[in-house]
Amino acid sequence: MPATNKGSEGKRMDRRKFMAGCISLPLLAQAGGAQAQAGLSKIIFPFAAGAGGDTLCRLMAQEMAPVLQRTLVVENRTGGDGLIGIKAVKGGSPDGSMVLVTTGPTMYLLPMVETAPSFDTARDFVPVSLLARFEFALVINPSVDATDFKSFVAWLKAHPDKASFGVPSNGTIPHFMGSKLEKDLGIPLTRVPYRGSAPILNDLIGGHISFGIVTLADALPQHRAKGVKIIAVSSAARSPFAPDVPTLKESGIDLVADAWYGMWLPAGSPPEFAGKLGAAASAALAKPEVKEKLTAIGLIPVGSTAEGLTKELAANIALWQPIVKATGYKIEN
């Protein structure tokens with residue numbers, strides 16, 4: 001009998017250990033709000049796995065979990081140019097079970113271009129922190145007879161039939177950067193929407209389009225390999241990743257168009273939790289090893305207070321609203 005009791009107790013202990021271990025599995029991301037309060041949060045990223053933003057999310061989850069004493073699971077909810085994931089968090093419980101990490105442009109451009117906005121960033125979300133910045137690059141076909149932005153503009157004027165450019169998608173910052181360039185240069189430009197940066201770079205190398213506007217991180221490998229040529233970056237100052245490339249402002253275009261990732265919670269979330277989450281994010285981004293990993297993929301770590309994120313969002317709305325409105329571009333929803 002004693003041996004049997006000991007064996008039964010051992011089995012019960014094994015089962016308890018197994019169940020405790022399961023808490024860390026992504027399958028429990030489907031758990032309800034009560035379990036979330038007990039220490040499980042989903043970081044919703046509204047784009048596909050594998051790119052820079054997804055890497056950022058997974059790194060943040062890894063670094064923040066011990067500080068928050070919560071299990072953080074990254075979930076990719078793709079679709080609608082970010083809208084599917086954003087709406088999921090908008091409708092989520094304000095109990096810490098869902099955290100949104102997405103690009104700033106999705107949070108301010110989507111309400112501008114939808115005929116009936118699906119969300120209001122200020123009303124439907126609680127700001128947490130700015131996370132990291134990234135930059136855009138104006139990239140040309142290497143066979144184009146131009147060495148810099150000024151000579152490229154001259155080439156465009158001499159070859160109006162070849163003034164086509166690629167953007168990763170319609171309704172994005174590169175889309176509206178192209179609209180701004182068209183207006184400022186007085187040159188009709190043909191926008192060609194793609195699904196991401198890779199096919200744009202392929203068509204540039206193949207000579208099918210004259211230029212493209214893509215993230216700097218995506219363009220750098222081909223630029224260094226002489227496959228394409230970056231002639232301008234969109235940031236306020238020269239990029240640490242391409243210090244030899246002038247900015248658009250240096251090139252005579254009054255436009256600063258860097259982008260960034262931010263973190264939000266659903267409206268109604270406790271300010272105390274938002275503050276704790278923001279402090280953990282900023283602390284993680286300040287670590288040298290985290291900075292090194294992010295800069296390796298073309299992201300510039302930032303970190304901020306909730307107020308800093310709100311201020312950044314407001315500045316971008318003020319910049320892009322007149323530009324977007326002038327294009328008349330809308331998405332039916």
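Buried means under 20% relative accessible area, exposed over 50%, and partly exposed in between, with a 1.4 Å probe and protein chains only. At 69% relative accessibility, Lys226 therefore counts as exposed. The model is predicted: local features need pLDDT of at least 70, side-chain atom pairs count only at pLDDT 80 or more, and totals for chains, interfaces and linings use all residues. Residues are numbered from 1 along each chain as its sequence is written, and side-chain values use heavy atoms, with hydrogens and water left out.

Stay with Lys226 for a moment. Its phi is positive, about 70 degrees, although Lys226 is not a glycine. Most residues other than glycine have a negative phi. Lys226 is found in the loop between α10 and β9 (229–233). Helices (H or I, at least four residues) and strands (E, at least two) are DSSP runs, numbered from the N terminus. Gln69 also has a positive phi, near 55 degrees, and is not a glycine. Gln69 lies in the loop between α3 and β2 (71–76). Gln69 is exposed, with a relative accessible area of 71%.

Now turn to strand β6, residues 164–167. Both of its faces are covered. Ser164 and Gly166 are buried on one side, Phe165 and Val167 on the other. β6 pairs with strand β7 (residues 190–193) in the parallel sense, over four bridges. Two strands pair if DSSP finds at least two bridges between them. Ser164 has Thr190 as its bridge partner in β7. From β6 the chain crosses through α8 to β7, and this β-α-β crossover is right-handed. That is, with the strands pointing away from the viewer, the path from the first strand over the helix to the second runs clockwise. β6 is also joined to strand β8 (residues 211–215) by two bridges, and these strands run parallel. Here Gly166 has Gly212 as its bridge partner.

Next come the pockets. On a 1 Å grid over the protein atoms alone, a pocket is an open set of points with protein on both sides within 12 Å along at least five of seven lines; a cavity is a set where a 1.4 Å probe fits but cannot get out; lining residues have an atom within 4 Å of a point. Grid points are joined across faces, edges and corners, and a volume is the space filled by probe spheres set on the points.

The largest pocket has a volume of about 1100 Å³. Its lining holds 43 residues, and Phe47, Pro168, Gly196, Thr215 and Tyr261 lie nearest its centre. Elements that give two or more residues include α3 (52–68), α8 (173–185) and β10 (259–266). By class, the lining has 23 nonpolar, 16 polar and four charged residues. Ala, Val, Leu, Ile, Met, Phe, Trp, Tyr, Cys and Pro count as nonpolar, Asp, Glu, Lys and Arg as charged, and the others, Gly among them, as polar. Domain 1 (41–134 + 259–327) and domain 2 (135–251) both give residues to this lining, so the largest pocket lies between them. The domain bounds come from an automatic or database domain assignment.

The second largest pocket has a volume of about 160 Å³. α8 and α13 (306–327) each supply at least two residues of its lining. Among the lining residues are Lys180, Glu182 and Ile323. Domains 1 and 2 both contribute, so the second largest pocket also lies between them.

Finish in helix α13, the place of Asn316. Asn316 is buried, with a relative accessible area of 6%. Asn316 and Pro105 are 211 residues apart in sequence, yet 8.2 Å apart in space, C-alpha to C-alpha.
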